[in-house]
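Subject: Handover of the two-chain model

Dear colleague,

I am passing the structure below on to you, together with my notes on what was found in it. Please have it open beside this email while you read.

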Amino acid sequence: MDAIILQILNGLDKGSAYALIALGLTLIFGTLGVVNFAHGALFMIGAFCAVTLQRILSLSTVTLSKTETNFLGQPAEIKTPYVESWFGPEAGAAIIDWSVPLAILFSIPVMIAIGFIMERGLIKHFYKRPHADQILVTFGLAIVLQEVIKYFYGANPIPTGAPEVFKGSFDFGVLLGFDPNAIIYPYWRLVYFGFSALIISAVFAFLQFTTFGMVVRAGMADRETVGLLGINIDKRFTIMFGLAAAVAGLAGVMYAPINSPNYHMGMDFLVLSFVVVVVGGMGSLPGAVLAGFMLGILESFASMNEIKSLIPGIDQIIIYVVAILILLTRPRGLMGRKGVMEE
Amino acid sequence: MSTSNFTRRGLLKTSAVAGAGLALPTYLSAANHAGYTNAPQGDTVTLGFNVPQSGPYADEGADELRAYELAVEHLNGGGDGGMMNTFSSKELTGNGILGKKVEYVTGDTQTKSDAARASAKSMIEKDGAVMITGGSSSGVAIAVQGLCQEAGIIFMAGLTHSNDTTGKDKKANGFRHFFNGYMSAAALAPVLKNLYGTDRNAYHLTADYTWGWTQEESIAAATEAMGWNTVNKVRTPLASTDFSSYIAPVLNSGADVLVLNHYGGNMVNSLTNAVQFGLRDKQVNGKNFEIVVPLYSRLMAKGAGANVKGIHGSTNWHWSLQDDASKAFVKSFGTKYGFPPSQAAHTVYCQTMLYADAAQRAGTFNPCGIAEALEGFEFDGLGNGKTLYRAADHQCFKDVLVVRGKENPTSEFDLLEVVEVTPAAQVTYEPDHPMFAGGALGTCNPGA
């Protein structure tokens, strides 16, 4: 029982990341009709926003030590971060410690700008082209972005820690009457889950309760009619692209403390997120979220030892097996609507 | 009056015949005179450096390339000579190898076996490389070693820690300076016994490929021999990025030690996840929960940041060693590049020097001559103390370093501290040890 609760927790966490990326993907697909293979790269760039802010905050003045020496026997460099000299050692250290949450603010404008540039500069030229062309060009773009990041940050993962107060884990077992240590879960992963839930609700609320959102939803349902009513739907869709980029970026920022960011982390998530979108139903936002959490939990269950010993290797294929089963029984996915990608 | 009757067809025919005629003797003469593949012509010799320049191990590959460039510079008489001055064999004089200036070509393994074989093949066939060296993965090393055996080229392996490289997949043309899974286990076991006692329950998470399997087998055997119990061995897909679902069940399994048979990105993520789950703050069976990372790489450990603190593992070489050879190498490398070398850099520098020295002593670039010079070769002054290149399996036997993640690092390079230097005798095994059994060294192949 405790093992099952533990894997559900794990799955919620993985599912949060899948759901956030898939939400952005399906938002872009539903509005602009573009299959965006560069979306994983946006997630990765988000994580590197956290790395970049951490580096900016850690910019230091360098003085040479009189006593310490470096590995070559020369005077060692002592680095004092500017924030520590400006705000005092304690406040400065606290600011650096909190660089990941601070990176949320930093990443929103950056990601929206990147989204705008991507959409206006490249993707807009492919709206009228076949999906195969869109996939090729966005996949190419993903590789280019990946290599750019690798050029500047190297290939090795870069540690980007959560604030000190979120280190360690919470003992759910004791809370639920199990033995201590039976169900433990890291604080930061709980934060990640809460944060994802918040972002997902915010996106839904924005689409549901604002005039802008209403127009966008109308445009998703019938672009032509909305256009005929004299509404510049293209402009709004571009803004939605920026928004989707920001959602992926935020997912990346908060993911940085979970696994040290590296240049190909986007690709690791991309394929799975596509499966999530397809299983959820192309163009369906609730479908993407539902499928994200569902597949995340299934994946966690499949990596349990008890299940792996029954069917070896199941942890690597479970998502695809389930995807095939769902598409065989419900060809439009869990919550797909008629007419999407079927013209 | 002469008439010229050139036709297009005639010209093509003539040039084809002439071309074939010209090409044939060169090919035959090379084979006849030297009797081995890519015998150096003229006053240069070309070495092939096959390292990951793209993909997840690109940073490690870049460090290998730096060390190769340094080695070539030293062989050709440039720089301060580095470990050439401390090397016990004094054959190398900074005059290239056998009087020929050393040149090199590079290939990108991408840490994929097929890509590595293709780049090695291209360096052998197109660039005339007489030796191939490098790499950062056992899968790649074994694939390239096989290719070099067929092509009649010497292969000086880079980073490869699987027992199989000089075990069941050993080849007469292949040589390994780096240590292996068995040696890590033999060096670590006594240290772990002292630290954590003989009554422990270990849980293994293992990368699902040749290196992971052999290391898991080695560590489990060594720890069980001192009384530990192995609770579970779980294989994790090499492509895994989030290890939470593998780590979450560990605490509840009754285990009090977690062994991470992971390398590179896998190691960084699994260790980070394990620390996130608070494993190191827990008490199980009345003892502190411990994590062990049997194979450490400083370059990779950097990705795990503060999570490595206090965690034990083993490494082939570390820049903080205080022997003359290590100091000379760190000085030479550090002056040129501004930071200390990694164990990958050290290994490939040694491999280049050992190859050059063997050619010098053998008086030929013939792979069979070089193999003979390396087999049973005992040397010192390359940073690991007295070392033997064993003839039976082409494995180097030298001291192994047991290291621990440093609690208070003084710089970004200062991540590990050496806690024990395990003498070579303690990590030596018989060539027919069951973990290395199967496969045969075969005979050297000069190719051509």
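Predicted model: local features only at pLDDT ≥ 70, side-chain atom pairs only at ≥ 80, totals over all residues.

For chain A, the secondary structure comes to 15 helices and four strands, and its C-alpha atoms fill a box of roughly 75 × 55 × 35 Å along the principal axes. A compact globule of 343 residues would have a radius of gyration near 20 Å, and the 22 Å of chain A agrees with that expectation. Buried residues account for 47% of the 343 residues in chain A, and, if one takes the contacts in chain A between residues at least 6 apart in sequence, 73% of them join residues at least 24 apart.

Chain B, by comparison, contains 13 helices and 17 strands, and the box filled by its C-alpha atoms, again taken along the principal axes, is roughly 110 × 45 × 40 Å. For its 448 residues the radius of gyration of a compact globule would be near 22 Å, and the 24 Å found for chain B agrees with this. In chain B, 58% of the 448 residues are buried, while 72% of the contacts between residues at least 6 apart in sequence join residues at least 24 apart.

**Where the chains meet**

The contact between the chains involves 37 residues of chain A and 39 residues of chain B. On the side of chain A that touches chain B, the elements giving two or more residues are helix H1 (2-32), strand E4 (184-186), helix H12 (265-280) and helix H15 (314-329) of chain A, and the largest share, seven residues, comes from H1(A). By class, that side of chain A divides into 14 nonpolar, 17 polar and six charged residues.

**Domains of chain B**

Chain B is divided into domain 1, which covers 44-179 + 319-393, and domain 2, which covers 182-315. The centres of these two domains of chain B, taken over C-alpha atoms, are separated by 30 Å, and their contact takes 15 residues from domain 1 and 16 residues from domain 2. On the domain 1 side of this contact, helix H2 (58-75) and helix H4 (138-151) of chain B each supply at least two residues, and the residues on that side are, by class, four nonpolar, seven polar and four charged.

**Two open sheets in chain B**

One open sheet of chain B has five strands in the order E2-E1-E3-E4-E5, with parallel pairing. Its edge strands, each of which pairs on one side only, are strand E2 (101-108) and strand E5 (174-176) of chain B, and neighbouring strands of the sheet are turned by 25 degrees against each other on average, with direction ignored. Within this sheet, strand E1 (residues 44-51) and strand E3 (residues 131-134) of chain B pair in the parallel sense over three bridges, and Leu47(B) has Met131(B) in E3(B) as its bridge partner. Helix H11 (residues 343-362) of chain B packs on the sheet, where it touches E3 and strand E4 (154-157) of chain B, and its direction makes about 160 degrees with that of E3(B).

A further open sheet of chain B is formed by seven strands in the order E7-E6-E8-E11-E12-E16-E17, and here the pairing is mixed. The edge strands in this case are strand E7 (229-236) and strand E17 (416-422) of chain B, each pairing on one side only. Strand E6 (residues 201-207) and strand E8 (residues 257-261) of chain B pair in the parallel sense over five bridges, with Val259(B) in E8(B) as the bridge partner of His204(B).

**One residue in more detail**

Met300(B) is found in helix H9 (residues 298-304) of chain B. Is Met300(B) buried or exposed? Met300(B) counts as buried because it has 28 C-beta neighbours inside 10 Å, where the cut-off for a buried residue is 20 or more. Leaving aside residues up to four places away in sequence, Met300(B) touches Asn156(A), as well as Tyr263(B), Gly264(B), Met267(B) and Val268(B). The C-alpha atoms of Met300(B) and Pro367(B), which lie 67 residues apart along the chain, are separated by 34 Å.

With best regards

Notes:
Residues numbered from 1 in each chain as written. Chains lettered and ligands numbered in written order. Domains from an automatic or database assignment. Contact = placed C-beta atoms within 7 Å. Nonpolar A, V, L, I, M, F, W, Y, C, P; charged D, E, K, R; others polar. Pairing = 2+ DSSP bridges. Axes fitted to C-alpha atoms, helices over the stretch in contact; angles between N-to-C directions. Rg over C-alpha atoms; globule rule 2.2 N^0.38 Å. Buried ≥ 20, exposed ≤ 12 C-beta atoms within 10 Å, placed from the backbone.
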